[in-house]
Amino acid sequence: MSLLPLAIDLVLALTLLWLAWRALNSPDLFRAVVLFIALGLVLGLVWVRLDAVDIALAEIALGAGVTGALLLAALAKLQPAASQTDELQTAELQTAELQTDQAAVMAPIALRLFIALLLLAFLAGLGFAVWQLWVPAPGLSNLVEARLDESGVAYPVTAVLLNFRGYDTLLELAVLLLALIGVWSLSTAPHLGDEEPEPALAALSRLLAPLMILVAAYLVWVGAYAPGGAFQAGSVLGAAGVLLRLSGWRLSLSATGWPLRLVLVLGVAVFAFIGLAVIGFDQPLLGYPPGWAKPAILAIELAATLSIGAILAALFIGGRP
Amino acid sequence: MIPAIDAALPPNAWLPLLVLASSLLPGLVIFFLAEQRYWTRTLLNLAGSLVKLLLVGAMLWGVFHQQQYAASLPLLPGLDLVLRVRPLSLLFLSLSAGLWLLTTLYAIGYLEDSPNRSRFFGFFSLCVTATVGVAMAGNLLTFLIFFELLTLTTYPLVVHRGTEEARRAGQIYLAHTVIAGALLLAGTVWLYTLAGTLTFTTQGFVADLVERHRWSLIAIFVLLIIGVGVKAALVPLQSWLPRAMVAPAPVSALLHAVAVVKAGAFGIVLIVYDVFGVEVAAELGVTKPLALVAAFTILYGSVRALFQDNLKRRLAFSTVSQVSYIVLGVAIVGPLATVGGLVHLVHQGVMKITLFFCAGNLAETLGIHKVSEMNGVGRRMPWTMLAFSIGVFGMIGLPPVAGFISKWYLGLGGLEAGLHWPLFVLAGSSLLNAAYFLPILHRAWFCEPPEAWPEERDFGGNKETAWLLLLPPLVTAALSLLIGLFASMPFTPLEWARLIAEREFYQP
Amino acid sequence: MPMLLNGADWATALVFVPLLAALACFLVPRAADWLGVLAALLILLATLGLVQDLLSDGPLRVAVGGWGAPLGIDLWADGLSAALLLMTALVGLGVSVYAPGYFAAHPQQQRWFWPLWLLLWTALNGLYLSADLFNLYVMLEVLGLSAAALTALSGSATGLNAAMRYLLVSLLGSAAYLLGVALLYHGYGTVDIALLGQRIEAGAVATTALLVMAAGLLLKTALLPFHFWLPPAHGSAPAPVSALLSALVIKASFYLLLRLWLDLFSGLGGLLAALLPELLGLLGAAAVLWGSVQALRQRRLKLLIAYSTVAQIGYLFLGFPLAGVQAEEVAWRAVLYLALAHGLAKAAMFLSAGNLLQFAGHDRIADLDRAVQRLPLTLTAFVLGGISIMGLPPSGGFVGKWLLLESAFTQGRWGFAIVVLLGGVLAAGYVFKVVGYAFTPTEIAQEGEAVPLRMQWSALLLAFGAILLGFSAPWLWPLLGVGDPFGLPIAEVGAAR
Amino acid sequence: MSSVLVFALAGLGLIGLGLYGLLVQRHLLRKVLAFNVISSGIFLLLAGLARRAPGAEPDPVPQAMVLTGIVVAVAATALALAMMLALRSATGRTRLEDHGDED
Amino acid sequence: MFVSLMSVALLVAGAVFFLAGTLGLLRFPDVYTRLHALTKADNLGLGLMVLGLMVQAESLAAAGKLLFIWLLLLAASATAGQLVASWAQGKGIAPWRG
């Protein structure tokens, strides 16, 4: 085995660890968040190195992109901009908070040491177990390969996600919706996007938004035989929504009621509906009739993409409309 | 005279269930009655108690004529909730059914115009339901269940007044009974894991285990006896009883004569006779300590009663003492002592309830709570004090009142078993009884009444007190005379107790 | 008679009815009240259908999508899952009937309550029906997120604080569980529990997986010393939510732990398999005592009930050491009885506490002020629930304790027997502490708000359920035996169908 | 020594660092970050180990699982952040209060 | 061979610009000047790299995609630079002067 890839991998791994450590321990929250986003991007590279391009896409779009955006938005809300309040007062507040923060930012040193030792022991045990796993994997690749033809798609990961383990994916969509319901139950006021948009941003958004919708559609379509699919597409769509929102675009008031909610539940609803409807055709739950798997999956993916995009944008914006 | 059990006749399941229902259903309905629906409530109460009395009468007749009454409901595989009416059950059953009717009448009069009567009578009925359940229990599990229900249904009655004092008394009552319940449960489960059955059997069901599990059986015996001994107010487990006197008079009557204390004593009878079997218990060597505890309780209660000025507390300590007569009769192994103990279960109930009714009348009519306030009360309330006097004579054991019969058999039983000390205990206790009861009679009949009573109520027309308050003690006083005078007639408690004793000791 | 719907259909309905109802309630909040109750009724119907099917045809296995394990996800149902599904359906119906009354004063909370609660219900049913470790992870996450969001619904500072802590704990617990799933998948090439049960072998992989999964699930189940998050969360959530959290949510993670133990890890042998049950038993015993004593010390009703939950969780873990060699079945059945009884009883108690809170505007125990006279139905519900919690007869709690004691005595484990008894005594102490004050007037008479009858009756009926559970053995006993969940691994039995 | 092992070890490291952060840090935002780091570590183990058979196609099942896991983590993060903001606006705090038992 | 050499040369050149940009990011005194380093040098560096990769691309479509990526990034970094600068101005951060 050549040494260069291994060296690259080592560097990547060490970067990961260093970024994680810095993200968790840097005194400045903003820096911590930025480092965390960087961690997500490096992870994306790692996934590529591990031949997991789907995960790489998802990691960058969701893990680094959406999560990062959510974190930054929350941070912005936590540290109100100086322009909004009296500057002096804010400064006082911040120093006051900083001082109390200093005292209680972390657990006492002895406790920290204890925790660290405990964790090291735990990691040693875990490492030993992982080491024990170092025999050829008995995984399910062959089985997936063998039945790929029946699944209606040509790409194994999509087949697993939307057919073999479609039940998980249905619930995963429900998790997203659930998170949004939870977020909406917590606050009314939108967190972000009420400022006057920057003209440059607005221009870029106008340029990008249609493009992103196109990319999303492409990602859904390509998912049938290559990396891609509803979640990656949905996050692109969500990003488009966020951009539009930031550049001043608003849903018309009449659309923020049930039409919006309909879009939000569409993914789960269509998935569940198809999953149940097949029972009427003497199929098991979520078992697409022979020949119908491809269109069914496509329909589900399209609906899911729309919903995921809408949910992600709504999660970023925050409070309910 | 011993009715043989005829297996050909199918047991009648309806009567035991109806006996339960006759107080359970009225009780549940009463809970939902509005406070001012006096007549509906009264009607339900009386109808329930009359029906129950009739049903019990029917079963008395039936059991005497070899009918069987049993009902069961599966609780767990191999363990059923069993109601079975046996002669011993009927002894307790007829006592509680009869006294419930009288206590209900009395309570209706006593609680007139006081708040929360629907709640009171609801729990009152549930309490009696639990008591008849205890009486009819066909196995130890069923007994345990109704015994615990009894705890739960009497608690609201104890705290009924809603005062801080009542709340405390309630907590103490519960602390005692719940801990006891836990021990009873422990003993029961333990016994079940050893014996594989809990069905009450004449002469017990553990004889086979004595050899292998002697010490476990002794431990189980102790657990069970403590478990029921709290309600029977055995020393040193008696301290809840005097405190529970904060409850209204009908409740005290119920606690002392009908339900709680009696259920405890009845439980001891069951454990000794139908779980262990009196001879097995004797062989294990557990009856002698039990007898000693009983003897000590008899004397302790009497001595404590001497020093109480509060009338109800004096009566309470008297109960502590008197209930242990039953335990003593059980623990002296022998047929005559058994008869004495069992018959006292009924006799003490009838006599003690008379005394509590009278004490309630004094408190309700004249506001008298203390012995020292009772000077000349016999002139103001002659009928009440007549009933009281009969009760007192019975307690002391003077013939021909019922109490004499009990003591006579207990004494004979002791002699039959070759023991002399019970005689001394009985004599000493009788002397002490006289010492704390006769001064009351002296005050009531021979001292000058005061200018004014502490808190006199006028019942109109120069009446002594409300007739609903007067009737029950007169009836029970008459009863305690009658069952003493005609003790040898059929169907008297004495005859019934003899029947039970014969089965325990003479059946193969 | 051929049934119109078979067991697989009922199982499907159990997951999809609440899911679709959640979507509908989210879409049309105005109709949520009756939609929710309708869904609850349908779920109860489906549960009864499933129970009937199990009793007549034995355990059930459904291959979702027709793929079958290990490629696809399987649903399964046996006596263990059916019993918990039934409890969930009953408590769920009770809370669903109760909620509109409680939230009438808080329309904003009500609007989010319904979709969140129905998603929670989806997760509960899905969890009891799933035979797939990873699918169970997703269910756990749905469960945790919806439970935390529901906890935060009150919007109070205490509530948000508790919800935040609960969310983090829950996420950490699921993460630990997922780590175990990862190890097991790579060790044995499947995430189907039954298949894993056949393939798993003693070794570092299995041991580590057991430890991390157990730790995660214990954290979620709030066994002492992981109970720290529970009292504030259960004590500060809206009353119907507290009822759901205490009665149902912790049972789900306990069920999963039990399932993993029974089907995967108990047969591994070795030191750990011998020591872990003892450790869990000790922690359980400590939880019983500590939780009860803490409950006795509380001055607020909801916190008292919450600490009581800490204690009652302890009982569930006594089954691990007691399910030794001889009394295996009895101890597990005891645990099941206790879990079911606690579900019904604790829901009744929390709903009662909600009534008292609504009535008086506070839940200070010392100021209950004649509540027994003014809210008799509610107090009855509280006491009946309390009776089951204390383990007094006749009740489900009594049967559970009886069986547990039977198991302890048979094996001569006196210590556990004493803990069981002592826990009951302490429980009586804290229940009757409340009842005593409810009989006593305070110095200044307090006015009360009217409490709708539906709130009083739903609490009361749940409490009756806890009592009636004591008489349920004729049909519950055979149901618990369906598929022999406490004996052989389910795969060997379920394969027949 | 292979790259898979390197990344598996890195996954372990992330789990450890994340746990440490979760337990030690008090600011809620940092706790949320820590949770995400833990998740990433677990994902790295779950999908990374699928690659340990050299040469063959990676096992798609754990990949699909990780995809699901990432979405769940995003959802959880969104909820946690919203809850943190709500807590902050109700109390002014961004830390958990330890003695929230009594009102 | 020639294509490979050219590709390598372009890539190396791109890397140099990136290095310069990074150096600028680290060493420049204030936010405005750092923006220069980021947007100008890095965009040029990226452009060179894209060019280097394009010559190796298998198809015209792939080459087009690469070019497209560069254009998108140009637009994005221009907008981002503008946003950062205007935010800094809004905060009242004075530009560095000598």
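Hi everyone. Let's start in chain B, where α12(B) and α13(B) are roughly antiparallel to each other, because angles over 145 degrees count that way and these two axes cross at roughly 160 degrees. Before I go on, please keep in mind that this is a predicted model.

So, staying with that pair: α12 covers residues 287-306 of chain B and α13 covers residues 311-331, and their axes come within 8 Å. The crossing of α12(B) past α13(B) is left-handed. If you have the structure open, you can pick out the residues that make this contact: on α12(B) they include Leu290(B), Ala294(B), Ile298(B) and Gly301(B), and on α13(B) they include Phe317(B), Val320(B), Tyr325(B) and Leu328(B). Sorted by class, the contact of α12(B) with α13(B) has twelve nonpolar, seven polar and two charged residues.

While we are in chain B, here is a backbone detail. The peptide bond between Val235(B) and Pro236(B) is cis, and its omega is near 10 degrees. You will find Pro236(B) in the loop that links α7 (210-229) to α8 (240-243) of chain B.

Now over to chain C, for another helix pair. Helix α11 (residues 270-297) and helix α17 (residues 414-439) of chain C have axes that come within 9 Å and cross at roughly 20 degrees. Are α11(C) and α17(C) roughly parallel or antiparallel to each other? An angle under 35 degrees counts as roughly parallel, so these two are roughly parallel. Their crossing is left-handed. Among the residues making the contact are Gly281(C), Ala285(C), Val288(C) and Leu289(C) from α11(C), with Phe416(C), Val419(C), Gly423(C) and Lys433(C) among those from α17(C). By class, the contact of α11(C) with α17(C) has twelve nonpolar, four polar and one charged residues.

Chain C also has a cis peptide bond, from Pro393(C) to Pro394(C), with omega near -10 degrees. Pro394(C) sits in the loop between α15 (376-390) and α16 (396-410) of chain C.

Next, chain D. Chain D has three helices and zero strands, and along the sequence the pattern reads α-α-α. Why do we call chain D more spread out than a compact globule? Its radius of gyration is 17 Å, well over the 13 Å that the globule rule gives for 103 residues, so chain D is more spread out than a compact globule. Along the principal axes, the C-alpha atoms of chain D fill a box of roughly 60 × 25 × 20 Å.

What does chain D touch? Let me take chain C to begin with: 27 residues of chain C are in contact with 30 residues of chain D. On the chain C side, α5 (133-151), α6 (157-188) and α9 (230-236) each give two or more residues. Of these elements, α6(C) gives the most, with 18 residues. That side of chain C divides into 22 nonpolar, three polar and two charged residues.

Then there is chain A. Among the five pairs of chains that touch, chains A and D have the most contacts. This contact takes 73 residues from chain A and 63 residues from chain D. On the side of chain A that touches chain D, the helices that each supply at least two residues are α1 (3-25), α2 (29-49), α3 (53-78), α5 (109-132), α6 (141-151), α7 (156-164) and α8 (166-186). The largest share, 14 residues, comes from α3(A). By class, that side of chain A has 54 nonpolar, nine polar and ten charged residues.

One loop in chain A is worth a look too. Asp51(A) has a phi near 60 degrees, a positive value in a residue other than glycine, and Asp51(A) lies in the loop between α2 and α3 of chain A.

Not every pair of chains meets. Chain A and chain B do not touch, and their nearest C-alpha atoms are 38 Å apart. Likewise, no contact joins chain B and chain E, with their closest C-alpha atoms 67 Å apart.

Last stop, chain E. Helix α3 (residues 60-91) of chain E has 32 residues, which at 1.5 Å a residue should span 46 Å; the end C-alpha atoms are 46 Å apart, so the two agree. Just after α3(E), Gly92(E) takes a positive phi of about 85 degrees.

Definitions and conventions:
Residues are numbered from 1 along each chain as its sequence is written. Chains are lettered from A and ligands numbered from 1 in the order in which they are written. This is a predicted model: local features need pLDDT of at least 70, side-chain atom pairs count only at pLDDT 80 or more; totals for chains, interfaces and linings use all residues. Two residues are in contact if their C-beta atoms, placed from the backbone, lie within 7 Å. Helices (H or I, at least four residues) and strands (E, at least two) are DSSP runs, numbered from the N terminus. Ala, Val, Leu, Ile, Met, Phe, Trp, Tyr, Cys and Pro count as nonpolar, Asp, Glu, Lys and Arg as charged, and the others, Gly among them, as polar. The expected span of a helix is 1.5 Å times one less than its number of residues. Axes are lines fitted to C-alpha atoms, for helices over the stretch in contact, and angles run from 0 to 180 degrees between N-to-C directions. Angles under 35 degrees count as roughly parallel, over 145 as roughly antiparallel, 65 to 115 as roughly perpendicular and the rest as oblique. A crossing is left-handed if the near helix is turned anticlockwise from the far one by less than a right angle, and right-handed if clockwise. The radius of gyration is taken over C-alpha atoms; the globule rule is 2.2 Å times the number of residues to the power 0.38.
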